[in-house]
Amino acid sequence: MKKLWFMGIFILIFSFVLIGCSDDADANNNADNENNEENVDDNDDENTDNEENDNDENNNENNAMSNEMNNNDDDNNSDNNDEETSIFGNDDTDEEDAEAMEEEPLDDAIDVVDVETVLLDGDEAEKIRPNDKVFIELDDLMYVDHHFITELLDYELTYDEDNTFAEVFDEKGDFKYEPSHDDEGGAIMDIGQIYDEDADDYIDVPDDAEDLYKFIEYEGKLYVPQQLVNVFLKEPMHYDRRDKAMEVGAQTEATDLYDVGINDTGGSHAEVTKDASAVTIEGENHEGGIIITDVNSAEKDAPIDIDYQYSEISGFVYNKSKEDTIEVSFSYDGENIIETLEVEPQEMEEFDHDVNGEEVFHIAAKGEPGAESKAIVIGELK
């Protein structure tokens with residue numbers, strides 16, 4: 001019995017010893033771990049210090065190299081002060097070169113207009129072969145071969161490039177253009193003044209229309225701008241792309257006066273109208289026209305905006321007054337009257353005039369003092 005009691009006490013004491021050893025081991029392990037963590041932190045701090053030292057050294061080296069390069073650049077700049085260009089060239093020169101590279105060669109920029117038939121005043125005048133290149137376009141402006149158009153319209157048109165001067169004479173002569181820009185693939189050529197035989201005057205090209213009057217040399221031929229043909233050869237040109245036809249002179253399809261309209265010099269007494277009470281005349285609605293109001297002893301003008309685009313104007317003037325006769329006159333300049341009509345009350349009178357080469361066509365009306373008559377103009381242009 002005593003043996004068992006001693007055995008139990010021995011086991012109990014041995015257990016306490018084992019527990020104490022285990023706690024000491026855990027404490028030692030924790031201490032070791034803390035020491036290891038401190039060592040790692042110390043190593044990290046040392047590494048950080050080392051990296052900062054290295055960075056400082058690298059920065060010092062880089063700064064030294066940068067300073068040296070800057071000094072070299074300063075030396076180079078001082079040596080090259082007299083030279084405006086670098087390996088990339090002068091900025092202005094680069095811009096000019098870039099613009100030159102962007103500029104399309106003239107012969108590539110020109111489009112040959114696809115024309116199969118030329119109509120003169122509505123009648124077929126010429127058949128055009130595909131390779132004839134009679135009509136060309138550049139920047140949406142039309143040009144026509146000089147020889148072709150002067151033969152067709154029986155005009156002599158000379159051009160002096162050196163003096164930027166052209167001359168227009170009735171009846172075709174023997175002028176022949178000598179090309180001078182073959183090596184350049186053609187040229188756009190300026191013009192400053194035109195002599196017009198009909199006006200017997202030297203006419204300056206308007207500053208705001210210079211681009212409309214430039215000549216072109218293309219493939220050894222001289223091309224005349226459409227605007228010059230319209231104004232000085234006095235035959236408007238219109239291209240019908242659908243039918244591949246070029247209409248010179250009067251057009252096959254008429255344009256209503258209402259659609260052409262009047263320019264802003266007509267004052268407040270003339271305007272286009274579609275008012276049924278104005279354009280319904282003797283039981284027929286003419287859909288549109290021009291009305292001149294307050295017709296009395298002070299003349300009222302309706303300047304039709306021809307703009308060199310038409311050859312003929314025709315129509316009639318109707319007097320809306322029930323009592324007063326009115327007088328209607330026609331002119332190209334508002335002063336030199338080419339025709340005068342007396343229109344009785346509630347009556348109409350017809351008119352028909354050429355407007356080739358004209359910018360404006362004036363229709364003016366006047367009546368009795370104190371009257372308030374109205375004149376209605378119905379017509380068309382070709």
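This is a predicted model: local features need pLDDT of at least 70, side-chain atom pairs count only at pLDDT 80 or more; totals for chains, interfaces and linings use all residues.
**An open antiparallel sheet and its surroundings**

Four strands of this chain form an open sheet, in which the order runs β20-β25-β22-β23 and the pairing is antiparallel. The edges of the sheet are taken by β20 (300-304) and β23 (337-343), each of which has a single partner strand, so one side of each is left without a neighbour in the sheet. From one strand to the next, the twist averages 20°.

Of the 382 residues of the protein chain, 35% count as buried, and the chain exposes about 23700 Å², of which carbon and sulfur atoms supply 41%. When contacts between residues at least 6 apart in sequence are considered, 67% of them join residues that are at least 24 apart.

A single glycine gives a local view of such contacts between separated parts of the chain. G249 lies in the loop between β14 (245-248) and β15 (255-256), and G249 is buried, because its relative accessible area is 0%, where the cut-off for burial is under 20%. With residues up to four places away in sequence left out of the count, G249 touches D121, E235, P236 and S311. The C-alpha atoms of G249 and L120 are separated by 5.8 Å, although the two residues are 129 residues apart along the chain.

D200, placed in the loop between β9 (193-196) and β10 (201-204), has a positive phi of about 50° although it is not a glycine. E287, placed in the loop between β18 (284-285) and β19 (289-295), likewise has a positive phi, here of about 75°, and is not a glycine either. Are these positions buried or exposed? D200 counts as exposed because its relative accessibility is 56%, and E287 is exposed with a relative accessible area of 61%, the cut-off for exposure being over 50%.

Note on methods:
Residues are numbered from 1 along each chain as its sequence is written. Side-chain values use heavy atoms; hydrogens and water are left out. Buried means under 20% relative accessible area, exposed over 50%, partly exposed in between (1.4 Å probe, protein chains only). Contact means heavy atoms within 4.5 Å. Accessible areas come from the Shrake-Rupley method with a 1.4 Å probe; for residues, only the protein chains shown count as cover. Helices (H or I, at least four residues) and strands (E, at least two) are DSSP runs, numbered from the N terminus. Two strands pair if DSSP finds at least two bridges between them. Axes are lines fitted to C-alpha atoms, for helices over the stretch in contact, and angles run from 0 to 180 degrees between N-to-C directions.
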